[in-house]
Amino acid sequence: MHGRPAGLIRRLGGAEIAAVAIFIVAFAIPISTKSVLVYSVLNQVLVGVVATFSVWIMLRMNLLSFATPAFMAIGGYTVAIAGRYDITDAFLLTAGAFIMPALVAVPLGALVLRLRGTYFVLVTFVLSQIMQLVLFETPGLTGGSNGIAGIPPGTLLGTELASNQQVLLFACGLALLATLITALLTRYFRQHFAAIEENEILAESLGLVVWRYKALGFVVSAGVAGLAGYSLVNMLLTAHPSSFDSITAVDFIAYTIVGGRASILGPVVGSSLLIYATNLFGTHGQYAQGLYGVLIMVVILAARGGIVGTIGTLLRRRP
Amino acid sequence: MPEFLEAAIIGVGLGAQYALLALGFTLIFGILGVVNFAHGGFYMLGGYVAYSCVSGLGLPYPLAVLVAVLATAALGWVFELLMIERLIDDHLATLMLTLALYLIISTGVLTVFGPISMEFTFPVGGAFRAGPIYVPRENLIVLAVCLAAIAALYLVLFRTDLGRALRALADDRAVGMALGLRPRLLFPAAFALATGLAGLTGALVTPILSLAPGVGDPVLATSFLTVILGGLGSLGGAALAAFIVGIVEAYTSVYFGGSAGALVLFVMVLLLLVFRPTGLLGRDVRGA
Amino acid sequence: MAAGMELRVESLAKQFGGLRVFSEVTFSLEPGGLMGVIGPNGAGKTTLINVISGRQAPSDGHVLLDGRDVTGKPAHALSRLGVARSFQQTNIFRSVSVRENISRAVRFGQRGVQPGLDRLLSEFGLTERLDEQSDKLPYGLQKMLGLVMAFATRPSVLLLDEPAAGLERGERSRIDAFVQHVREAAGCSVLIVEHDMDLIRRLCPRVLVLDAGAVLADGAPAEVLARPDVIAAYLGDAEAEAA
């Protein structure tokens, strides 16, 4: 097939269009079913995918970020604290959940991203540990080890988002927004990110101000994580330190790697499958991470492209 | 006044423990270019192996510690040889592999021992008193053993052929290989040396602090802070930074309580990265 | 034709920890000039290029472009100012096409399209292979692609790190063509680090000898290469190269 439609798809990105389509279709699920199980898994997936996008954006430039839980916490607590002051407008809260972690990412990125990639990994890891401490040590602001409970439901264009169905639909909306942001960023700067990922020394010697693109990615990644934090807090109606445990960073990393780091569909597939699989563990959810470990090893050693990448390779080989 | 001196002794003790961990981490990073995310896992494993030997097999504690060291070193050797070696030049891949190993170790420990803290106590009780100063004997013994281990490590690295070879490879692998050094033998050795040290620290410290799944995470974070402070890849820097971190932690916890120490250290490291990114004794850090 | 720039290096030094790579390196390259840098392995030649091009910061000394102090600026800044370099190992974006490689070089450099680029591409037979994946090219062509990419950023000063390394004897004349083209079409000054003495003798009116981190000699090749101390410095290396 030739002509304008094919050209347009190539420019916007087939995978990106597919990802956006998936989240548009997702709206149909809360409308067509009331199953508690479906609601629970879908909500977890919607939160997880957004957090995984946050990791994926940085991984496009070969940088592994462990800061996702910390930025999620900033986003989530911003919403919770705003709720204390009776700010419930969903648009305002969404903006706040995105902007607050992004603001923190600006100085942090400027500091760390001019150094070797290893520093980024180490500092983001420590950041999530520190965030937990900050949450516990500031009870006046964050409620300390009790967190902030009883967050008022958000209001979207006058309607209160109180019922489970409304909350889930809103989560679909946040996920769609995050997908659009992620897709636009990675698509528009595809050349730059790809050059940095493949050979950043060469890219810099050709004149690319590499650290600026890394910083841009980091700021957007932080904002997207903030949206995930909003979604999580919205789901639980509580902001609690345990929701933002630093170890969850590993989960999102696992979803990206196992799903496939080369395509935006990777985080979607990875988080959906692994979150669903974790639910199958039932009460033994803590063993899920062992499974993630094994899967990561398999992917790194034998199937680098992850699920999406491997499927893509197999499809290309078809005669 | 007595708290001041006690804090100093505790701080030096912590410093010695952190030094063993940071030195091992730096060995792996400097020689293999690998960020060992499983470092905290080996620490934890050292504790659990020693615990199993003592309570399961009835071995005397010193022997249990030795077994723990050998076990963690052996696991490190095998892991490096079978997995890391294949992807040694891909830093992100090796990092992911060590992360995966950590997840497997963590879950394994959880499965075998359960989530609750183990009853693992140091066999020597009582305290050392000198006037108003009071320091538990266990801290002093651990300090002594750690200092001995650091000294032994120094001797190996700077006074033996193996050590010289390892340091040469760390400095410039291409040149090292051109000189006939064999990474296939030396890399697993370096990895095993580092993981053995982590296991040693775990076997010594977990009876004093606590032994439960998850004790590895703060250990990893402290190791990261320490090596950034000391300068990525610098052994001297890692040792120096470890003592600074230990002393800062001891004093902040005595005088301020809570987790102020970790926060202080993190802010310190961030400020350091602004003014002196190479750390105390590090080298070129420029990225792109 | 683009104006060239003068590159001046004053007392440049670099050391890592206790290891002194080079020190007191001073020379000046006039706009449109051409000079070679030679020396035994480990003399610090690649590090010199790294420092001048901004990939590493010097420990001491200054780098000046047309009198302007650019010491310590990072690689992207120096590239934007017109200093480009090639790499000893082939350094291209292996997973994408030749066309995409060139496109990135032009786009990242942000100095506009280099006139004379097309002629260079066709001279090296790259025009027919624009849509091939770059790592499918034969080694010699990959090397030339790397050189062309450096040129595509519209530099005024080109630092070439062992451009002939890994090329067959027959392919080495391409380097001559490349150097001639960049100087004629764009007025670039060129600094070549090389081991291939024939190439140096052929091309460079002037050569700098770096040995054990210090400048041993600086002058015309006929004169410099006949000096006993230069020959002695190379004695060990020459045998290795002949082998």
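Predicted model: local features only at pLDDT ≥ 70, side-chain atom pairs only at ≥ 80, totals over all residues.
Which order do the six strands of the open sheet in chain C follow? The order is β6-β7-β8-β3-β9-β10, and the pairing is mixed. At the edges stand β6 (83–85) and β10 (214–219) of chain C; each has a single partner strand, so one side of each is left without a neighbour in the sheet. On average, neighbouring strands of this sheet are turned by 15 degrees against each other, direction ignored.

Within the sheet, strand β7 (residues 157–161) and strand β8 (residues 189–193) of chain C pair in the parallel sense, over five bridges. As background, strands of a sheet pair through backbone hydrogen bonds, either parallel or antiparallel.

**Antiparallel pairs in chain C**

Chain C also holds antiparallel pairs. Strand β1 (residues 7–16) is joined to strand β4 (residues 60–65) of chain C by five bridges, and the two run antiparallel. Here C:A13 has C:D60 in β4(C) as its bridge partner. β4(C) also pairs with strand β5 (residues 68–69) of chain C, again antiparallel, over two bridges. In that pairing, C:L65 stands opposite C:R68 in β5(C). Two residues lie between the strands of the β4(C) and β5(C) hairpin, where C:D66 takes a positive phi near 50 degrees.

| Strand pair | Sense | Bridges |
|---|---|---|
| β1(C) and β4(C) | antiparallel | five |
| β4(C) and β5(C) | antiparallel | two |
| β7(C) and β8(C) | parallel | five |

**One arginine in chain C**

C:R99 sits in helix α3 (residues 98–109) of chain C. Is C:R99 buried or partly exposed? With 16 other C-beta atoms within 10 Å, C:R99 is partly exposed. Its contacts, leaving aside residues up to four places away in sequence, are C:L130 and C:D131. C:R129 is also worth a look: C:R99 and C:R129 are 30 residues apart in sequence, yet 8.4 Å apart in space from C-alpha to C-alpha.

**Chain C as a whole**

Stepping back, chain C has nine helices and ten strands. Its radius of gyration is 17 Å, close to the 18 Å that the globule rule gives for 243 residues, so chain C is as compact as a globular protein of that length. The C-alpha trace of chain C spans about 50 × 45 × 35 Å along its principal axes. Of its 243 residues, 47% count as buried. Among contacts in chain C between residues at least 6 apart in sequence, 71% join residues at least 24 apart.

**Chain A and its helix α11**

Chain A has 15 helices and two strands. For its 319 residues, a compact globule would have a radius of gyration near 20 Å, and the 19 Å of chain A agrees with that. Along its principal axes, the C-alpha trace of chain A spans about 55 × 45 × 40 Å. Buried residues make up 55% of chain A. Of the contacts in chain A with a separation of 6 or more, 79% come from residues 24 or more positions apart.

One element to follow is helix α11 (residues 210–236) of chain A. At 1.5 Å a residue, its 27 residues should span 39 Å, which agrees with the 39 Å between its end C-alpha atoms. α11(A) is mostly covered, with 24 of its 27 residues buried. Just after α11(A), A:L237 takes a positive phi of about 55 degrees.

**Where the chains meet**

How many residues of chain B are in contact with chain A? There are 36, and they meet 39 residues of chain A. On the chain B side, the elements that give two or more residues are α4 (91–113), α9 (216–230) and α11 (260–275) of chain B. α4(B) supplies the largest share, 15 residues. By class, this side of chain B divides into 27 nonpolar, seven polar and two charged residues.

Chain A also touches chain C, in a contact that takes 13 residues from chain A and 18 residues from chain C. Helix α10 (residues 190–205) of chain A gives the largest share of the chain A side, eight residues. That side of chain A has seven nonpolar, four polar and two charged residues.

Notes
Residues numbered from 1 in each chain as written. Chains lettered and ligands numbered in written order. Helix = DSSP H or I, 4+ residues; strand = E, 2+ residues; numbered from the N terminus. Rg over C-alpha atoms; globule rule 2.2 N^0.38 Å. Buried ≥ 20, exposed ≤ 12 C-beta atoms within 10 Å, placed from the backbone. Contact = placed C-beta atoms within 7 Å. Nonpolar A, V, L, I, M, F, W, Y, C, P; charged D, E, K, R; others polar. Pairing = 2+ DSSP bridges. Axes fitted to C-alpha atoms, helices over the stretch in contact; angles between N-to-C directions. Expected span 1.5 Å × (residues − 1).
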